[in-house]
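Colleague: I am new to this structure and would like to go through it with you slowly. Could we look at it together?

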Amino acid sequence: MNGYRKKLPVVLLLLVAAILPFLANNYWLDVATLALFYIVLAQGLNVVVGFAGLLDLGYAAFFAVGAYTTGILMTVYGWSFWLTLPVSIALAAVVGVIIGAPTLRLRSDYLAIVTLGFGEIIRLLAINLSITGSASGIYGIPRPSIGSYVLAGQLDFYYLILVIAILAVLAVKRLGTSRIGRAWMYIREDEDAAEAMGINRINMKLLAYSIGAVIGSLAGSVFAVKMSAIAPLSFSFTQSIMILLAVVLGGLGSIPGVVLGAVLVITLPELLRSVEDWRYLIFGIALVAMMLFRPQGLWPARYDAGQAASGETEAALSGRGDDDVNVDAEKCNA
Amino acid sequence: MKKWGSVVVAALLSLSLAVAGCANQGQGAADANEILVGVLLPVTGNNATDGKDMQNAIEMAVKKVNDSGGVLGKKLKIEVADDGCDPQMATTAANKLVSQNVVAVVGGYCSGATLPSSGVFKNANIPMIVPAANSAKLPAQGYDTLFLINGLTPDQAQTAADYMAANQAKKVALIHDNSAYAKDLADFAKAAVEKSGGTVIAYEAINPEEKDFSALVTKLKGLQPDATYFTGYYAAGGLLVKQFKQKAVPGLFLVGDGSFSEDVIKIAGADNAEGLLITATPTAEFIEGAEAFTTEYKQTYNNLAPGPFSALSYNAVNLLADALKRANSTERDAIKKALKETKDFQALGQTISFNAQNTLDTSNFAVLKVTGGKFILAK
Amino acid sequence: MEILVQTLADGLVIGAFYSLIALGYTMVFGIIKLLNFAHGDLYMLGAFVGYSLLSMIGGGDSGMGLFGILVVLLLTMVIVGIAGMGIERIAYRPLLLAPRLSILITAIGVSLFLENGAMIAWGAQYQVYPLQLSHAGINLFGATITYTQIGLVLISALLMLGLHLFINRTLYGKAMRAIAHDQTACQLMGINVHKVIGLTFFIGASLAAGAGTMAGAYYGTVNFMMGFIIGLKAFTAAVLGGIGSIPGAMLGGLLLGLMETAGTFVFGGSWKDVVAFSLLILILVLKPTGIMGEKVTERM
């Protein structure tokens with residue numbers, strides 16, 4: 001694999017993304033924008049679930065933190081959009097630590113449930129508090145501007161979120177191959193051994209949560225100004241599940257896979273719009289079929305191309321967190 | 001190598017998607033003899049029930065208009081997009097309608113989803129007639145493309161508060177179901193009740209996806225309210241009415257127009273629903289021709305009773321047809337202008353004229369009472 | 001006193017429904033470590049199958065009596081039980097070796113399939129149950145406890161007792177416990193593991209279906225989304241009691257029912273669920289095995 005061959009397809013893809021608005025109509029542009037949102041969200045969740053192996057069923061909470069922080073600061077206090085970003089990022093990091101801290105001692109399944117609970121609590125808070133506009137949410141969020149140019153059209157937001165998506169993908173990719181990323185994967189594969197090797201598992205897990213939260217909240221902030229109205233309905237359990245779906249569908253820990261997964265999760269139901277009532281039924285069947293025939297995801301991660309054959313990587317992936325069970329099942333079925 | 005191939009595949013995929021998008025522009029667009037009207041409703045998810053009721057009524061109205069010769073020599077054709085009562089889905093669905101070049105839009109059920117979708121239509125300068133969503137926040141946006149034909153929340157709250165005051169109900173319990181509409185109504189009702197000298201002894205919420213409200217009912221029973229006002233939708237409303245009766249909670253029981261449906265009687269049981277009060281814009285039984293609407297609706301749709309917003313959805317289509325005729329054009333600005341100039345348009349249960357905010361200029365909320373399994377105007 | 005008794009009685013009924021559903025979660029988790037997200041939808045399916053059966057035989061008005069109702073209940077439980085086995089066979093069994101997340105996603109797919117399938121089959125409208133149970137009852141300290149409530153709690157208790165005996169006294173029950181303990185050894189001892197797992201799904205699904213039919217008749221309405229929120233609650237109950245533990249699921253269901261009621265009284269209806277979820281998190285953090293769960297020494 002030389003650098004050129006690796007880079008060419010990426011460049012091609014970016015080119016397609018850049019010219020897409022000129023090929024698509026409003027509707028598909030909106031779908032593409034949503035898909036980009038999902039790419040950012042799914043990459044954020046990928047850090048938590050894919051890299052660190054912490055199952056999170058309440059990721060939409062971070063999305064909500066970002067959206068509401070921006071929404072409130074802009075409508076109530078009249079801040080500029082760009083100034084709200086650091087605040088929402090800082091707040092999300094704090095929330096990430098708050099949610100992460102109690103879960104550190106938990107087994108993987110319980111962890112999932114606690115995150116689910118936190119996700120619901122954040123949504124219920126948004127419904128019940130008056131600062132978040134309660135059930136109707138916040139509306140009339142102003143448009144952001146760069147200098148004197150106001151971002152208002154669909155096209156503007158498409159490019160804004162495209163830039164953020166590219167940044168998120170780059171950041172997550174670099175994190176994945178960094179020392180921190182390797183530590184996460186070590187923890188995921190074998191927590192005790194990781195600790196024995198001198199990895200501070202508490203710090204590392206909290207870091208994973210916080211980074212995931214920051215990426216999610218960034219998407220939320222942009223979501224708020226793009227929609228100009230946000231409501232608790234956007235941050236439901238279903239939203240968390242759909243983001244998780246994107247990650248698992250594409251392939252846990254795999255950057256291109258997660259991008260693909262996000263695009264599919266958004267476009268499939270849209271492509272099925274013509275069949276109305278049947279679309280989520282078909283979507284459900286597709287999910288089951290997909291997991292039956294390709295459980296490792298459409299584009300599984302390959303951690304070290306030069307070293308591990310893909311079969312081994314998949315085996316390692318399947319052992320995550322529940323080696324005992326799987327080993328048992330394997331023996332049983334042997 | 002494998003990776004390389006996959007990326008190319010992905011790139012091709014997205015290209016074909018874009019092409020499909022372009023192709024889509026043509027698809028669904030009306031031919032020269034049709035006027036394409038967008039319909040934006042929740043036809044999947046939790047609120048699919050009401051969404052389908054509204055869609056049925058809209059289809060019925062369109063058929064009627066077309067059977068009697070259509071509009072401007074053309075037939076109306078609807079294009080339904082599912083907003084799922086979700087802001088994000090609603091925006092996408094609205095954009096879909098925009099790209100299909102609809103002339104106007106009828107729809108909007110959940111206020112939470114209608115707030116962002118109305119913005120999409122505003123940007124595209126497409127008039128939107130909203131038959132159901134009635135949060136006060138909708139007209140507050142100041143969009144000249146947005147027309148609400150359901151009465152506004154503050155008016156309804158006032159109607160409820162006046163009725164309670166007139167019936168010496170001083171201690172009032174308010175219950176909403178956490179939807180934007182119901183919470184809005186409960187908030188306004190709270191203000192109205194307090195202004196007319198009453199006290200709100202309980203302000204509660206239920207989760208409409210649940211069925212057991214016994215804890216709340218027992219709690220209210222302990223508080224002995226003079227009146228209880230539930231502002232949410234009928235599925236939970238019917239159950240609440242039933243459970244209130246079973247536990248013999250004292251006082252009047254009122255529900256908002258989200259619970260104005262024969263289903264509320266069916267769910268609660270005719271005995272339990274007897275004496276139930278509803279704040280709503282009266283339809284069906286009171287207006288000539290409305291009886292025919294109910295009968296025809298039931299005939300067309302398998303004996304299904306019209307939902308709470310069926311009549312309003314029906315009216316929305318007729319109003320649009322009328323405006324198209326008056327505008328004598330399918331130009332958006334002309335339609336907007338014609339809608340704006342609507343004067344005393346006679347529809348089922350309402351006379352429509354718009355005020356400066358493009359909402360109804362007169363509130364026609366009334367209090368109905370279930371008597372003998374039927375809705376009768378309460379005195 | 002009146003309020004306390006009333007609350008306890010009502011909490012017991014909803015707790016019984018939670019328990020019946022929670023049992024399915026816990027049994028499946030205990031045996032194959034799967035969080036079956038589609039389980040709540042089996043409850044919905046049970047409610048609808050019962051609805052159709054009752055409509056076929058003409059509803060509850062025609063004086064078919066308690067016997068007829070019980071027959072419908074049992075029939076529903078068998079039909080949905082078989083559906084549960086079918087789901088396991090098609091969607092879950094091939095994935096026993098796969099990463100646990102993929103089987104979780106499969107469960108979400110099954111859930112979407114069931115919900116939307118029911119919407120197409122029975123319509124999106126709320127259906128009113130053809131059978132309305134009586135609301136006559138006895139007076140206890142001023143609180144009304146209906147015969148229906150007593151009947152429902154008794155039936156639930158019988159079902160749970162039956163399950164308890166089945167698990168502890170029969171060979172299949174023994175096999176279940178054994179598989180939960182050590183699948184490999186079971187295989188070596190000649191136990192047909194797949195058959196026992198299938199049976200577990202059958203029992204879990206039929207208990208949920210029983211709860212669904214009873215809830216349909218008790219509350220009077222059914223619709224295709226009714227399984228989602230109660231599934232989430234039952235799941236909470238299972239965790240509260242200690243996931244994998246059968247008495248824990250029963251206790252968890254009852255406790256959750258009571259906790260929600262208490263939450264409504266102290267904090268109001270809007271905050272009820274916040275209270276329930278906060279308690280859930282607290283319990284999990286302080287005692288991750290739940291109330292009755294066994295201490296598992298698991299490498300994290």
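This is a predicted model: local features need pLDDT of at least 70, side-chain atom pairs count only at pLDDT 80 or more; totals for chains, interfaces and linings use all residues.

Modeller: Residues are numbered from 1 along each chain as its sequence is written, and chains are lettered from A and ligands numbered from 1 in the order in which they are written.

Colleague: How many helices and strands are there in chain A?

Modeller: Helices (H or I, at least four residues) and strands (E, at least two) are taken as DSSP runs, numbered from the N terminus. On that basis, chain A has 14 helices and 4 strands.

Colleague: What percentage of the residues of chain A count as buried?

Modeller: A residue is buried if 20 or more other C-beta atoms, placed from the backbone, lie within 10 Å of its own, exposed if 12 or fewer, and partly exposed in between. Of the 334 residues of chain A, the buried share is 59%.

Colleague: Why is α2(A) largely enclosed by the rest of the structure?

Modeller: Helix α2 of chain A spans residues 26–51. It is largely enclosed because its buried residues number 26 of the 26.

Colleague: Which residue with a positive phi follows α2(A)?

Modeller: The phi in question is near 70 degrees. The residue that follows α2(A) with this value is G53(A).

Conventions. The expected span of a helix is 1.5 Å times one less than its number of residues.
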